[in-house]
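This briefing covers a ligand site and the packing of helices in one model. Please view the structure below alongside the notes.

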Amino acid sequence: MKKTIIAANWKSNKTKSEAKNWLEQVAIADLPMNLEIIILPSFTLLDYVSSYIKVNGLPFRIGAQDISPFESGAYTGEISSSQIKEFADYVLIGHSERRTNFSEDKEMINKKIEKATTGELIPIVCISDLSQIDNFSSNKGIIIAYEPKGAISTSGPNAKAESPDLVSEFVKKIKERLSLEVIYGGSVDVSNVRQYLNLEDISGALVGGQSLEPKNFINLLKKC
Ligand code: PGA
């Protein structure tokens, strides 16, 4: 049976000792078996989190939160696909915080997708409108994360999860164009996660704020 994807986007949070505490608590929780739990830590934590998971035999996967649009080489500050691949199997690309704060445009995002797929990383590409998939093809092995900007919990005082009906409509439109897996993100929490996972055509959820505290995340996972 296909597993439900739950990706924990830690964003620019957690020191090593905070990550250790999180892993220790989540590791001993009694979690559903049908989940593909993908932890998305900062680059600084990829080595530590992936080693911890290996040593302790935990059933979690790892992803980076971004990727260089270039190969390895003279690109100061960038992290290339081969550097990520040492620790991770997934990479988040085109999160709206990156599109907004770092002016990432379609061209940049396409380069990153290309680098991820040729580097054997599975891209989880965040989109908030359909034009952002204009030049995608279905054979790229991409996961789409539908995240309406205003639904992201930290997007402003009026941030609010998208209604499951609207998510369902949007996902149908994506699926008319592409046969790719789609997950939903934006203010997903323990009270609403089931509503999204119950939708036809939804393969999982991308969880930001509610993935940070182990207790919140464990409670959410138990509802999945
Ligand atoms: P949120 O973040 O769950 O805190 O809304 C989701 C995301 O931005 O990936």
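The ligand is surrounded by 13 residues, and the closest are Lys11, His95, Ser153, Ser187 and Gly209. The model is a predicted one.

**Ligand site**

- The side chain of His95, one of the closest residues, has an N or O atom 2.7 Å from an oxygen atom of the ligand.
- Ser153 is also listed among the closest residues, and an N or O atom of the Ser153 side chain is 2.4 Å from a ligand oxygen atom.
- For Glu147, a polar side-chain atom and an oxygen atom of the ligand lie 2.8 Å apart.

**Helix H1 with helix H2**

- H1 and H2 cross in a right-handed sense.
- On the H1 side, the contact involves Lys16, Ala19, Lys20, Leu23 and Glu24, which meet Leu45, Tyr48, Val49 and Tyr52 of H2.
- By class, the residues of the H1 contact with H2 are six nonpolar, three charged and no polar.

**Helix H1 with helix H8**

- The H1 and H8 crossing is right-handed.
- Trp22, Gln25 and Val26 of H1 meet Pro214, Phe217 and Ile218 of H8.
- The residues in the contact of H1 with H8 comprise five nonpolar, one polar and no charged.

Definitions and conventions
Residues are numbered from 1 along each chain as its sequence is written. This is a predicted model: local features need pLDDT of at least 70, side-chain atom pairs count only at pLDDT 80 or more; totals for chains, interfaces and linings use all residues. Side-chain values use heavy atoms; hydrogens and water are left out. A crossing is left-handed if the near helix is turned anticlockwise from the far one by less than a right angle, and right-handed if clockwise. Helices (H or I, at least four residues) and strands (E, at least two) are DSSP runs, numbered from the N terminus. Contact means heavy atoms within 4.5 Å. Ala, Val, Leu, Ile, Met, Phe, Trp, Tyr, Cys and Pro count as nonpolar, Asp, Glu, Lys and Arg as charged, and the others, Gly among them, as polar. A residue is near a molecule or strand if one of its heavy atoms lies within 4 Å of it. A polar contact is a pair of N or O atoms within 3.5 Å; within protein, one must be able to donate a hydrogen and the other to accept it, and residues adjacent in sequence count only if both atoms are side-chain atoms.
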